[in-house]
Amino acid sequence: MIIVMKADTQPDSPALARVIAMAEGYPGITTQVHRIEGATRSVTEVYLLGPTGVVPTEPFEEFAEVERVVRVTEKFRSIGSHGGGLEAVGFEYQGVHFSQETLHVFPGLCAVDTREHVEVMFRALQEYGVETSRAGAYKPRTSPYDFQGLEAECLPWVFELAGKYGVKVIAMEITHEKHVEEIRSALEASGHATGVMLQIGTRNAQNFELLKVVGQQTELPVLFKRGMGITLEESLNACEYVASGGNRRIVFALRGMKTQLGDPHRNFVDFAHVPVVKRLTRLPICVDPSHSVGSRARGPSGMLDIFHATAQGVIAGANMVLVDFHPAPDKALCDGPQALLMDELPLFLEDVSIVRQAYEERLKRIARPEG
Ligand code: PEP
Ligand code: MN
């Protein structure tokens, strides 16, 4: 059960304390309080955990400070929208706002290789006004003989360069719980020159112990990538491990499904699921066209399939685009064949913005359902 307090209820409000005390008066019930940054307002929500089936809603509804009481369905308790009864969750990180309404593009290196390449990348982002990027320091590779990433040793100069070129948030995959601490201490040593969104998955999408660890810290937001060969429901349940630990600063990413039916694309592009995940959850949604398409193949018009797939995600309302670029793809140590080139960056950004405008225009013509 979730008790949504009225928007002006502050965390230290006596009414909130009375609601919590009443809830905890029921046998076996414990509470968690979350501050939710919605699209237009912030609200405080009290989550009742335990045998809530016997807890009545009426005593809570009588509080003048309570806006509504929502009985949650079993599915996706923490990230779920529960039939649209709850508004989407947004969050602010490093001055960047993430929600189901915003759109941020994260162009960057699949894997950090040289200082020079990272610098060329970040400098280009600054030139085109992009404050978010991706940079892989820990790479989960299919073969143990492939490049595994520069790991913690590159973090100091990656963060220093991010600070120098105004990159505020870097999406960075981690594969082991010790990476959280390595990233946290390197960020601190850099004087918080930038911020990191911890990517988990696709390969670790069901590494439940790792998901618990990133869920139990709230300093760094999490980019949860859908598992490549499990159902959407299984991925959402796995993502629930992050939220149930207490971290609600989550973006859910679609990155294509592993099946030969997607050939010749590396994965079967699944961006038709953007509105589905928006409906089922309260989370902002990311699409990763690079790992979905996996090549620089282009159609007869000359447009790269990666541009088309990006457009499919954005026109469906995606809130974040994770995309591989590289200054010298033939020298890249990971995923060079799918990297976009630096001189394609302005065109890519322009294309995203054309499609986003079209999405916004389409939305204006649709009446929102009452809710
Ligand atoms: C990545 O983002 O670098 C990556 C390895 O993606 P995925 O796990 O989706 O293949
Ligand atoms: Mn990659």
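Which residues is Asp-288 in contact with, leaving aside its neighbours within four places in sequence?

**View 1. Asp-288 and its contacts.** Asp-288 is in contact (heavy atoms within 4.5 Å) with Arg-134, Lys-225, Leu-254, Arg-255, Phe-271 and Leu-322, once neighbours within four places in sequence are left aside. Asp-288 sits in the loop between β13 (285-287) and α9 (289-293). Helices (H or I, at least four residues) and strands (E, at least two) are DSSP runs, numbered from the N terminus. Asp-288 has a relative accessible area of 0%, so the residue is buried; buried means under 20% relative accessible area, with a 1.4 Å probe and protein chains only.

The model is predicted: local features need pLDDT of at least 70, side-chain atom pairs count only at pLDDT 80 or more, and totals for chains, interfaces and linings use all residues. Residues are numbered from 1 along each chain as its sequence is written, chains are lettered from A and ligands numbered from 1 in the order in which they are written, and side-chain values use heavy atoms, without hydrogens and water.

**View 2. The manganese ion (ligand 2).** Cys-110 (SG), His-291 (NE2) and Asp-335 (OD) coordinate the ion at 1.9 to 2.3 Å. Donors are N, O and S atoms within 2.8 Å of the metal (3.2 Å for Na, K and Ca); water is not among the atoms, so sites may look incomplete. His-291 lies in helix α9 and Asp-335 in the loop between β14 (320-324) and α11 (345-364), so the pair ties together parts 44 residues apart in sequence. Both His-291 and Asp-335 are buried.

**View 3. Phe-122.** Phe-122 touches Ser-133, Val-158, Leu-161, Ala-162, Tyr-165, Val-167 and Ile-170, not counting residues up to four places away in sequence.

Note on methods: Buried means under 20% relative accessible area, exposed over 50%, partly exposed in between (1.4 Å probe, protein chains only).
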